[in-house]
Amino acid sequence: MSVSQIQARVRPRLCSSSFALAGITALILWVAVADLLRQGRLATVLSAGRGELAAPLLVALVVATGICERIWPAERRPLLARGHVQDACFLAVHAVVVIPLMTLLSVGTATLIGDHARWIELRSTANWPGWLLVPLTIVAMDAANWLAHYADHRLGALWRFHALHHSQEELSVLTSFRAHPLMHTTGFLLATIPVVALMPARPIAPVLITIYVCIGTLQHANLRWTFGPAGRVIVSPAYHRLHHARETQHVNLGVVLTIWDVLAGRAVFPARGGAVGRTGLDGRPVPVEQADSAGPALLLLTEQLLEPFRG
Ligand SMILES: [Zn+2]
Ligand SMILES: [Zn+2]
């Protein structure tokens with residue numbers, strides 16, 4: 001065996017695009033932290049972000065949904081099913097790492113736009129009434145989130161990070177937190193643009209952000225709920241479950257509103273009382289807790305987080 005062959009075997013194969021995304025994320029975070037430190041507002045902004053993204057309303061929603069899942073489950077399974085335990089670990093990562101990361105990503109992106117692309121700020125909207133501007137901005141933000149989700153499925157470099165979310169074979173409300181931290185970069189980059197463009201001088205009320213996050217969290221619930229007529233507009237658990245089904249991942253990409261899927265010809269509305277399909281990924285390309293070979297939860301969590309960086 002030649003030296004180069006030995007080196008190739010010893011050296012782990014790494015994925016350069018994943019490191020590039022990590023680098024871009026680090027750059028945005030650095031911009032945010034430097035800017036906030038300069039203004040002496042780092043602690044205040046992080047605490048405000050925690051108030052929006054870990055609000056008591058969201059915590060109450062997760063608990064209430066968990067109770068509903070025990071009473072009316074789409075798929076009956078033990079409370080401590082492997083998928084639930086693993087997603088609870090992701091919830092801990094979300095609380096400690098992802099919430100500050102999300103806050104800094106939106107601050108960093110807004111700072112970069114302010115420094116380099118101020119022309120996107122629509123100053124004329126300053127005179128628009130709040131009842132028009134705020135809903136318009138949230139709808140535009142949802143469109144940007146749809147686009148980021150579409151990119152996650154279309155671009156291999158982004159799918160490497162999104163696949164972890166789709167690998168869950170036992171969906172529950174906790175699956176909303178089963179995401180690689182670096183999966184959020186594209187979404188925040190895109191979703192900050194309409195906010196900065198439409199509301200450059202006014203912040204969106206934190207409670208509205210919390211409500212938006214709550215609706216986005218409910219969609220993974222292990223419930224058959226279709227939301228009735230409202231489910232034609234708002235993403236329901238049954239609607240989003242079709243996106244997690246092995247054979248229909250190209251449909252129902254909506255985060256909160258279904259209109260983008262309808263416009264893109266990708267909306268499939270669930271039938272009331274329809275069959276509950278299996279979720280997860282064919283061939284288990286991402287290590288999952290349901291595999292017989294899966295190690296302890298925290299070891300597996302580390303493997304799942306490192307997986308996108310492997311060549
Ligand atoms: Zn997806
Ligand atoms: Zn999902």
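This is a predicted model: local features need pLDDT of at least 70, side-chain atom pairs count only at pLDDT 80 or more; totals for chains, interfaces and linings use all residues.
Trainee: Which residues are the protein donors of the zinc ion (ligand 2)?

Mentor: His-165, His-220, His-240 and His-244, each through NE2, at 2.0 to 2.1 Å. Donors are N, O and S atoms within 2.8 Å of the metal (3.2 Å for Na, K and Ca); water is not among the atoms, so sites may look incomplete.

Trainee: What makes the arrangement around the zinc ion (ligand 2) irregular?

Mentor: Its 4 donor atoms subtend angles of 89 to 167 degrees, which makes it irregular. Four tetrahedral donors need all angles between 85 and 135 degrees; square planar (four) or octahedral (six) needs opposite donors over 155 degrees apart and all others between 65 and 115; anything else is irregular. Along the chain the spacing is H-x54-H-x19-H-x3-H. His-220 sits in the loop between helix H9 (206–218) and H10, and His-244 in helix H10, so the pair ties together parts 24 residues apart in sequence.

Trainee: Which donors hold the zinc ion (ligand 1)?

Mentor: His-149, His-153, His-162, His-166 and His-243, each through NE2, lying 2.1 to 2.2 Å from it. The two zinc ions are 5.7 Å apart.

Trainee: Why is H6 called roughly perpendicular to H7?

Mentor: The axes of H6 (residues 130–154) and H7 (residues 156–166) cross at roughly 100 degrees and come within 6 Å. That makes H6 roughly perpendicular to H7. The class covers 65 to 115 degrees; under 35 is roughly parallel, over 145 roughly antiparallel, the rest oblique.

Trainee: Which residues of H6 and H7 meet?

Mentor: His-149, Ala-151, Asp-152, His-153 and Arg-154 in H6 meet Gly-156, Leu-158, Trp-159, His-162 and His-166 in H7. Contact means heavy atoms within 4.5 Å.

Trainee: What makes Phe-227 partly exposed?

Mentor: Its relative accessibility is 28%, so Phe-227 counts as partly exposed. Phe-227 lies in the loop between H9 and H10. Its phi is positive, about 65 degrees, although Phe-227 is not a glycine.

Trainee: How do you know which class Arg-284 belongs to?

Mentor: Arg-284 has a relative accessible area of 37%, so it is partly exposed. Its phi is also positive, about 45 degrees.

Technical notes: Residues are numbered from 1 along each chain as its sequence is written. Chains are lettered from A and ligands numbered from 1 in the order in which they are written. Side-chain values use heavy atoms; hydrogens and water are left out. Axes are lines fitted to C-alpha atoms, for helices over the stretch in contact, and angles run from 0 to 180 degrees between N-to-C directions. Helices (H or I, at least four residues) and strands (E, at least two) are DSSP runs, numbered from the N terminus. Buried means under 20% relative accessible area, exposed over 50%, partly exposed in between (1.4 Å probe, protein chains only).
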